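Me: I would like to learn how to read a few features of a structure. Please show it, and then we can go through them.

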Amino acid sequence: MDYSQVRDVDPDVADALSGEVQRQRDTLAMIASENHVSEAVLEAQGSALTNKYAEGYPGERYYAGCEYADEIENLAIERAKELWGAEHVNVQPHSGTQANMGVYLAMLDPGDKILSLDLTHGGHLSHGHPANFAGQTYEVEQYEVDPETGYVDYEGLAEIADEFDPDIIVSGYSAYPREVDFQRVQDVANDVDAYHLADIAHITGLVAAGVHASPVGVADFVTGSTHKTIRAGRGGIIMCDEEHAKAIDNAVFPGAQGGPLMHNVAGKAVGFKEALSESFEAYAEQTVANAKALAETFTEHGLEVVSGGTDNHLVLVDLRPSHPETTGKDVEAALEDAGIIMNANTVPGETRSAFDPSGIRLGTAALTTRGFDEDVTREVGELVVSVVDNYDDEDVVADVTDRVQELCAEYPLYE
Ligand SMILES: *Cc1c(COP(=O)(O)O)cnc(C)c1O
C-alpha cells in the first residue's frame, strides 16, 4: 500500500492515504461500527468497476457492457442468500441508511407512521430522527429501553404500538449490547398490522455466523451494512421475501439511487465469500467472547456497563455512577491520545448533550480481526479503565500509549 500512482499525481492525497493506513496500524480501532476488511476486499473496491454504469439489475440493465458487472452482482446476491438465508437480496444500497430508505420508499407513503427506538437509547438517525429524511418524511414515535435493565422495553413497545398504530416497526440498533428478540417485535407488528423492518447493520456478521438470532424469515424486511461485523467493505443490503422483491428493487433503483457502485458490489461479493468460510464463524464467536471479556473487565473495575454486560460485539458504559464529573468526550479525547479510538455515546436516560454525552461505546470487531483473544482484550479493558480514571494525567496516558504501541506491533495489520 504505497499509493505510488496516487503519489505521482497528487502527493497530498498520497500522504493522507498512507497516513490513514499507518493510523490504522498504530491504533486500536474500537469504534463499534468499524472493522478492517481484507486486502482482497480493498482490491475489489479499488477496481476498474468504478468506471462502469450498470443501472438496473443483472440481465436487465439500462446500459451495454455489463457482462462482468452482472457476474459480480449475481455472485454477491447468491453468497448473501447463502449467508443469511433470505429469499430475495438487493446488494445495491450505497449504505445502511440507503437500505433503510429503500424499504421506507417501497412500503410507506409520506406521512405514514414509523415506530422505532429512541436515538439516545441506541437507535439510528435513519430510523426517524428529525435531522434525517425519515424524520422529515414520516410521522415518528419512539420506544425506549427499560431504564432499570437496559434491555428493550418490549411491553412498552407493545403499548405504544397499540396507541400509535404504526405502519412499520423498526428493530435493530446502533448502540444496543443485548440480543434482540426479533420474534417479540414481530408479534407486536402482527398485533397492530404493521410491517417489521429489522436493521441488523451492526450485527450482520454475527447473524451470518449464527452467533446472534436471525430476523430473516421473521421480519418482513432485513437491512444491513456490509462494512461492520461482516467485513465486506462500505455498503448496504436489503433482504426480504419474494413477495416484496419487485417493490424493494424498484425503490432502490430508480427510487432512491442511480447506478450502483459496482466496485463496492465487488467488495461485497469478495467479503461475503470470505464470510462463508469456516474461519469466519470462529471470528464471530471470538468477537463476542472478547466483548464479554471487555464488559467483565469494566465491571470488575467499578464501571457501570449498561444492561450489565453484552451479547454481541459492543459494550456501552455509563460514566455517571462511577465518574460523575467525567464526560464521554473527556474519555474519548484522552483515549485517542493513547491510541485507542472509540466514541463518546449517549446512554439510556441521557442527562447531557449528544455532543458531549455521559457514556462511551466500544466494540471488539476490529480488534478480533487483528487476532486479539480474551486475554489481550482484558488487558485493553484495563488500559481503558486507567485512562477513564486518569484522563487528565499525562503520565498515565503516556504509559498506556506505550503499551498500545507494543500491542499494535504484536498484532500487525496490512503488512
Ligand atoms: C451503522 C448503522 C446503519 C448504517 O449506517 P450508514 O453509515 O448509512 O452505512 C444503519 N442502521 C444502524 C442501526 C446502524 O447502526
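Me: By class, how many nonpolar, polar and charged residues does the lining of the largest cavity have?

Reply: Ala, Val, Leu, Ile, Met, Phe, Trp, Tyr, Cys and Pro count as nonpolar, Asp, Glu, Lys and Arg as charged, and the others, Gly among them, as polar. The lining of the largest cavity has six nonpolar, five polar and two charged residues. This is a predicted model, where local features need pLDDT of at least 70, side-chain atom pairs count only at pLDDT 80 or more, and totals for chains, interfaces and linings use all residues. Residues are numbered from 1 along each chain as its sequence is written, and side-chain values use heavy atoms, with hydrogens and water left out.

Me: How many cavities of 30 Å³ or more does a search of the whole structure find?

Reply: A cavity is a set of points, on a 1 Å grid over the protein atoms alone, where a 1.4 Å probe fits but cannot get out; lining residues have an atom within 4 Å of a point. A volume is the space filled by probe spheres set on the points, which are joined across faces, edges and corners. The search finds three such cavities, and the largest holds about 80 Å³. Of its 13 lining residues, Tyr173, Tyr176, Val180, Ile203 and Asn312 are the closest to the centre.

Me: Which residues are around the ligand?

Reply: A residue is near a molecule if one of its heavy atoms lies within 4 Å of it. The residues around the ligand include Ser95, Gly96, His124, Tyr173, Ser174, Asp199 and Lys228. By class, this shell has two nonpolar, eight polar and two charged residues.

Terms used:
On a 1 Å grid over the protein atoms alone, a cavity is a set of points where a 1.4 Å probe fits but cannot get out, and a pocket is an open set with protein on both sides within 12 Å along at least five of seven lines; lining residues have an atom within 4 Å of a point.
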